[in-house]
Amino acid sequence: MTPPARLNSLAARDVAAVFHPYTDQIAHAENGPVVISRGNGVRVLDDAGKSYIDVVAGLWCAALGFSNERLVEAATRQMRALPFYHAFGSKSHEPMIELSEMLLARAPVPMSKVFFANSGSEANDSAIKMVWYYNNARGLHEKKKIIGRIKGYHGITLASASLTGLPYNHKSFDLPLPGFLHTMTPHFYHGALPGETEAEFATRCADELEKLILAEGPETVAALFAEPIMGAGGVLIPPAGYFPKIKAVLDKYDVLLVADEVICGFGRTGQYWGSQTMAVQPDILTCAKALSAAYLPISAVMVNDRVFGPIAEETHKLGTFGHGFTYSGHPVAAAVAVETLKIYDEMNMLDHVGDVGPYMQSELRRRFTDHPLVGEVRGTGLIAAIELVEDKAEHRNFDAGRKVGARTAKHMENLGVIGRALPGDGLAFSPPLIITKSEIDEVLDGVEKALAAITVDLRAEGFS
Ligand code: PMP
């Protein structure tokens, strides 16, 4: 593809060479990239020097912003001491040991061991394989089906994408693979029946799960994977009482619960784990992103005794656990993660989120609940979304083809706020955890102006 002549040289080189993830390749060739060159606190600067506040912390991950010197130093120190070693065949190193201890000490429920990977997708794929291995170890060779939820997001590798419940991760990829099932989305705003209470809705979600398990045969169902708060699917908060009701069903049929804390972990929801905020009692927990504040790729899978015990026995029979990445527990990434967790402790991260989180939530509600385009404002801690709708009374979304959310996010970007449109025209808020109240004000001023701009666009298109 020949890049359009109006693109500057870096943009033209990008268009000529880069196959972008999650991008319309043809529109990209026409419009070119936004090239980000530097970071400063919660802000990033593009190659023309324009400054933006990134209100989704990159991809929900840059929890300490974009210029933390301590993390740079931790990486440099570790690179000098030992730039690489692996963990296969009983090899180890101190950063991985220390990080495992720190994660176990912080886990929301008692956990036994920590396995490392490089991304959220790999952590979830690893967890799926552990679940299969666990049931083979128990002689339950049929018990392998994995349940996700419609609109859940667990990644893009073959198994984690199968588990993901969003159409664009399946369509044209020939996914999901067999053996992956999806149960209903616990989103009261769109999912409730007329007159249904939140508690009744939560019960119905659990009943639907039970029906699915019974229809498949409980002897074939191994695990449910769930984000405490669904992130990429729209920042969907489950109804009160949802997870305890789900857990009771899972326990009845000997089905494991895996908490995907890739977004919710490390203070995002106001507590250390989304599992604590949403009363999730996982057997396995996956995390990534804020684990290293995104400065280097690293993810982790924590397993409890119930799961680790049979797996350990099986590895002894087979002579090894035939799974692991070259970079599992990479020392430089692990050292950066250790430093990240220390910084969270030292800055009293939970206190800070406890201060700015409620401020962000109340300001979002104060400014936007009554806006004619806003159907729902939802969130807790430093994660939120506002959902744009065509009909506020009916909770009816715009036709997806009109791209109202994406166009609003583009207006935000022009106004100096990098945001993200989610499926169903949700605008995501998941800023670096270090954000201040005045930076939140600045973001929300930008969002107000962006909503005014999209309102003008929509009026021109006949929206009244
Ligand atoms: N799980 C959740 C909840 C996520 O939000 C994501 C990424 N947004 C993933 C898994 C996949 O992580 P990665 O992109 O690092 O593979």
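At what angle do helix 15 and helix 16 pack, and how far apart are their axes? In this predicted model, the angle between helix 15 (residues 404-414) and helix 16 comes out at about 130 degrees, and the axes are 8 Å apart. Angles over 145 degrees would count as roughly antiparallel, and 65 to 115 as roughly perpendicular, so this pair ends up as oblique. The crossing itself is right-handed. On the helix 15 side, the contact is built from Val404, Arg407, Thr408, His411 and Met412; helix 16 answers with Gly446, Val447, Ala450, Leu451, Ala453, Ile454 and Asp457. Sorted by class, that gives 7 nonpolar, 3 polar and 2 charged residues.

Helix 16 (residues 437-460) also packs with helix 14 (residues 349-368), and here the axes come within 10 Å and cross at roughly 25 degrees. With the limit for this class set at under 35 degrees, helix 14 and helix 16 are therefore roughly parallel to each other. This crossing, too, is right-handed. Helix 14 brings Val356, Tyr359, Met360, Glu363 and Arg367 to the contact, while Lys437, Ile440, Leu444 and Glu448 come from helix 16.

Moving on to the domains, the protein splits into domain 1, made of 34-67 + 349-460, and domain 2, which covers 70-346. Their C-alpha centres sit 27 Å apart. Across the boundary, 28 residues of domain 1 are in contact with 26 residues of domain 2. On the domain 1 side, the elements giving two or more residues are helix 3 (57-60), helix 14, strand 11 (374-380), strand 12 (383-388) and strand 15 (426-429). Helix 14 supplies the largest share of that side, with 5 residues. So what is the make-up of this face by class? The side of domain 1 that touches domain 2 holds 16 nonpolar, 10 polar and 2 charged residues.

Met130, Tyr133, Tyr134, Asn136 and Ala137 are what helix 6 puts into the contact, and helix 12 meets them with Val307, Pro310, Ile311, Glu313 and Glu314.

Most residues other than glycine have a negative phi, and most peptide bonds are trans. Against that background, the peptide bond from leucine 175 to proline 176 is cis, its omega being near 5 degrees. Proline 176 belongs to the loop between helix 7 (158-163) and strand 6 (180-183). Serine 90 is the other case: its phi is near 75 degrees, a positive value in a residue other than glycine. Serine 90 is also a loop residue, placed between helix 4 (69-81) and helix 5 (94-106).

Technical notes
Residues numbered from 1 in each chain as written. Predicted model: local features only at pLDDT ≥ 70, side-chain atom pairs only at ≥ 80, totals over all residues. Axes fitted to C-alpha atoms, helices over the stretch in contact; angles between N-to-C directions. Helix = DSSP H or I, 4+ residues; strand = E, 2+ residues; numbered from the N terminus. Left-handed = near helix turned anticlockwise from the far one by under 90°. Contact = placed C-beta atoms within 7 Å. Domains from an automatic or database assignment. Nonpolar A, V, L, I, M, F, W, Y, C, P; charged D, E, K, R; others polar.
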